[in-house]
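Let's take a walk through this structure together. Please have a look at the model below before reading on.

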Amino acid sequence: MMELKPLNLVPPNRPPPGLNLFPNLNPPQKTLTFHKFLVLFLTFIAYAAFHASRKPPSIVKSVLGPEIKAQNGTNGWAPFEGPSGPHRLGELDLAFLLAYSIGMYFAGHIGDNIDLRLFLTVGMLGSGILVIAFGLGYFLDIHWLLFFVIVQILCGLFQSIGWPCVVAVMGNWFGKAKRGLIMGVWNSNTSVGNIIGSLVASSVLSFGWGWSFLLPGIFILVVAAFVYMFLVVSPDHIGLELPSKEIEMNVEGVALVGSETGETEEEGVVVEPETEGAIGFLQAWRLPGVAPYAFCLFFSKLVAYTFLYWLPFYLRHTVVAGVQLSHKSAGILSTVFDIGGVVGGVLAGVTSDIIEARGVTSIVFLLLSMPALLFYRIYGSVSMFTNIALMLVSGALVNGPYSLITTAVAADLGTQSDIKGNSRALATVSAIIDATGSVGAALGPLLAGYISTRGWNSVFVMLILSISFASLLLIPIVKNEIKEKLNEGKWLWISMIKR
């Protein structure tokens, strides 16, 4: 099998054009703390824009291929109407997510070798143009399935650029201290983006489903301009460096994060890393913990993306307290799941920082999410209150481990001592983990499209089984974490229980 080799192209260490246009934004006028917050904000809003632009397909599903006759008398949009409509819509999700997952493997490797700011900008511009192109299918009265499939495939490839880039940039600016909390708060960008996309797409749906794509597409194009102008990839690009306490060191004392040169604030010396350039693709797979977490995310993301793409459709076709929800109401109500995701991501991050065990935190959330989903399916239709409450809890428990693995865990694994000083492996590792998860994300919505025609109980069984598999994959990691804590003299209450 041919392995992807490092390209050995060193990204130029130059500031973005916005800092040349506004000199007061440069050090020493602006401090390291200011630029940390700027990077935090820009990467947050950038990936929120990516997710906002992914949300329209789920919002318009019930309009494109409804099983319930619409109030205006239409029966959907060819070729998605009729009994086979959910199948075609599931295949459309597969086209996007499969391209996304394949592109992710390559995007991470490329991102470790070129200017992340330019690469991220290209991904955002391409995504925005293609989201708008999908919406133009409404205005141009296009009913050709291949058109929509091609647009989704290309859009998936451009969207795959986003995650490895923003995670790598965050890894450059923030050390491991309180990483779970910082990444937990920051990774709410996915849920915030979903909420923005849902609200915007739902609010204009009555004017025609094409508008649900146009506005999110324009949004990501506008954000792309700010990213290009102001995003600083690494502190040393503008003459800054992280304090030595924030720079992660491997066992040989080589800096891993915060400076591409390895210079520390206190000593002011440069330690050349042993490994130049990005690590190889297969080498990244062999790093401890990468494969288990990657396949755990496969099943976790399968569940999360099934909700992302099918929850509005499910709510539209489910009677809540004896009431059939409208397209707009279903889309807005679905944002509750993402609000829960924000809470779950932060809670998982804080918990993992406190107990210093990402695997234990993840498996607890996963185990609790199974009864939560079961209760939501059984009691969610009783009243609007129970639907919202159970959806909120389900969103927190489903998205908690998903958020933790794609951020803090990926950053931990991408900066571990086994890399031996290679600080530019983070995008590759995060891409491998998220790309593997994205294969599950592609499979989940596709299966939901087919299984939902047999009944929604079957869909929820699939989701619970997926969570079970995700939990099983974490057991070896959880055992190692518990063993390490006991050896360190922590978690003594576990020893007391055993006795």
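This is a predicted model: local features need pLDDT of at least 70, side-chain atom pairs count only at pLDDT 80 or more; totals for chains, interfaces and linings use all residues.

Residues are numbered from 1 along each chain as its sequence is written, and side-chain values use heavy atoms, with hydrogens and water left out.

The structure holds 31 aromatic pairs; rings of Phe, Tyr and Trp (its six-membered ring) pair if their centres lie within 6.5 Å, and planes under 30 degrees apart count as stacked, over 60 as edge-to-face and the rest as tilted. Trp77 and Tyr138 make a tilted pair, because their ring centres are 5.7 Å apart and their planes stand at 40 degrees. This pair links distant parts of the chain, 61 residues apart: Trp77 is in the loop between α3 (56–64) and α4 (85–111), and Tyr138 is in helix α5. Helices are DSSP runs (H or I, at least four residues), numbered from the N terminus. Trp77 is buried, at 12% relative accessible area, while Tyr138 is partly exposed at 27%; buried means under 20%, exposed over 50% and partly exposed in between (1.4 Å probe, protein chains only). Both rings belong to one aromatic cluster, whose members include Phe80, Phe134 and Trp209.

Elsewhere, Arg117 lies over the face of Tyr228, 5.0 Å from the ring centre. Such a charge has NZ of Lys or CZ of Arg within 6 Å of the ring centre and within 35 degrees of the ring normal.

Terms used:
Helices (H or I, at least four residues) and strands (E, at least two) are DSSP runs, numbered from the N terminus.
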